[in-house]
Number of protein chains: 2
Amino acid sequence: MGNRPGNRSTPAKERQLSPVDGLAQLSFLIHRLLERRAGEHELSIIQTRLLGVLRDRRPTISELGKLLDLDKSSVSGLVERAERRGLVTRDPSPTDGRSVLVRLTGHGRSLVSEASSQFGADVFTLLNLLSPTDRRELSRLISRMLVAHAADHGIDLFPTIEAEPGTD
Amino acid sequence: MGNRPGNRSTPAKERQLSPVDGLAQLSFLIHRLLERRAGEHELSIIQTRLLGVLRDRRPTISELGKLLDLDKSSVSGLVERAERRGLVTRDPSPTDGRSVLVRLTGHGRSLVSEASSQFGADVFTLLNLLSPTDRRELSRLISRMLVAHAADHGIDLFPTIEAEPGTD
DNA sequence: TATTGTTATACTCTATAACTATA
DNA sequence: TATAGTTATAGAGTATAACAATA
């Protein structure tokens with residue numbers, strides 16, 4: 001996908017990727033950046049996402065399944081491997097004897113904070129390839145498109161959160 | 001990642017994601033679109049990429065490894081599973097007795113063409129959430145950023161290809 | 001000697017199905 | 001009965017290391 005040019009017009013001035021190729025390649029690039037930074041901390045993308053959602057939540061396994069769009073058995077294994085590495089803990093729920101509450105450890109929190117801020121720096125570097133004007137414009141357009149897409153799917157991109165205070 | 005708003009300014013007019021969150025969320029969204037379309041044809045993203053690069057190439061295992069950024073042993077398994085499904089063939093190289101040449105079958109070609117055009121339609125739908133002007137501008141900026149990034153890394157985004165004629 | 005590809009091995013990630021314990 | 005979580009099982013995907021065949 002995105003391996004052929006497919007641009008009929010070549011205005012010599014500035015060659016351009018097709019819109020589809022551009023979005024696809026951008027997506028792969030960002031994905032690789034995240035993968036690389038996570039990998040530096042021995043984290044996979046899904047482990048990073050797990051730690052990420054735990055930064056301001058203390059969910060059950062089922063809730064994690066909904067948040068990460070995974071089967072509960074997949075979450076069970078994911079959490080088990082994270083727990084074995086000392087990144088999260090599993091405590092019995094005080095209100096429901098069937099549930100467990102998953103929580104970040106200090107080590108887990110510092111890992112995800114590092115990976116996350118390094119990834120942010122990577123994206124920043126990428127954006128800095130554009131002029132300040134272009135950069136602002138790109139962010140505005142992406143945001144506008146995502147907001148419209150979220151609205152189409154009944155998702156609120158700007159929820160009022162009532163979570164525990166973050167420590168990072 | 002990207003689970004907290006982190007927007008201090010809320011200009012009531014049009015709320016905006018931070019640049020980093022915007023790019024990250026856009027990347028995940030595109031990734032999910034591709035995953036969904038590929039999945040409808042029982043393809044993973046990596047299988048789809050494999051078929052994608054084979055649309056206009058007949059590479060060796062090693063070349064595929066470079067193209068997909070995978071170890072040759074990983075490519076070996078990937079191609080083996082694709083071959084088992086009748087999506088690719090493996091022929092001995094006529095010029096190097098150690099190499100094999102991997103090629104798309106008609107079935108593989110039609111699968112990747114379908115997935116690819118459906119994915120294209122998805123991206124089109126997404127872009128259509130913007131006005132024509134915004135859409136053109138977004139594509140232009142993304143392309144410009146990717147071209148600059150590629151240049152930074154010594155990659156030619158617009159290679160002159162000398163491949164076999166595509167059949168799709 | 002170096003390169004190409006395969007195989008053995010090990011691990012992560014994922015889902016389905018069967019199970020236990022609790023509600 | 002229904003839900004929460006674990007476990008068994010199966011398979012894709014990945015890498016490292018060892019190997020055979022060829023260059």
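Contact between residues is taken to mean heavy atoms within 4.5 Å, and helices (H or I, at least four residues) are DSSP runs that are numbered from the N terminus. The structure is a predicted model, in which local features need pLDDT of at least 70 and side-chain atom pairs count only at pLDDT 80 or more, while totals for chains, interfaces and linings use all residues. Residues are numbered from 1 along each chain as its sequence is written, chains are lettered from A in the order in which they are written, and side-chain values use heavy atoms, with hydrogens and water left out.

In chain B, residues B:Ile61, B:Leu64, B:Gly65 and B:Leu68 of α3(B) are in contact with B:Lys72, B:Val75, B:Ser76, B:Leu78 and B:Val79 of α4(B). This contact comprises 6 nonpolar, 2 polar and 1 charged residues, where Ala, Val, Leu, Ile, Met, Phe, Trp, Tyr, Cys and Pro count as nonpolar, Asp, Glu, Lys and Arg as charged, and the others, Gly among them, as polar. Two packed helices are described by the angle between their axes and the distance between the axes. For helix α3 (residues 61–68) and helix α4 (residues 72–84) of chain B, the axes come within 9 Å and cross at roughly 105°, which makes α3(B) roughly perpendicular to α4(B). Here the axes are lines fitted to C-alpha atoms, for helices over the stretch in contact, and angles run from 0 to 180 degrees between N-to-C directions; those of 65 to 115 degrees count as roughly perpendicular, those under 35 as roughly parallel, those over 145 as roughly antiparallel and the rest as oblique.

In chain A, helix α3 (residues 61–68) and helix α4 (residues 72–84) pack at an angle of about 105°, with 9 Å between their axes, and α3(A) is therefore roughly perpendicular to α4(A). Helix α4(A) also packs with α2(A), at an angle of about 85° and with the axes 11 Å apart, so that α2(A) is roughly perpendicular to α4(A). In this second packing, A:Ile46, A:Gln47 and A:Leu50 of α2(A) meet A:Leu78, A:Val79, A:Arg81 and A:Ala82 of α4(A), giving 5 nonpolar, 1 polar and 1 charged residues by class.

Between the chains, 58 residues of chain A are in contact with 60 residues of chain B. The two chains bury about 6000 Å² between them, 72% of it on carbon and sulfur atoms, buried area being the accessible area (1.4 Å probe) that two parts lose on being put together, summed over both. Across this interface there are 3 salt bridges, each defined as a side-chain nitrogen of Lys or Arg within 4 Å of a carboxyl oxygen of Asp or Glu. The side chains of B:Arg144 and A:Glu14 form a salt bridge at 3.3 Å, N to O. On the side of chain A that touches chain B, α6(A) gives the most, with 15 residues, and the residues of that side divide into 31 nonpolar, 15 polar and 12 charged.

Definitions and conventions: Helix = DSSP H or I, 4+ residues; strand = E, 2+ residues; numbered from the N terminus.
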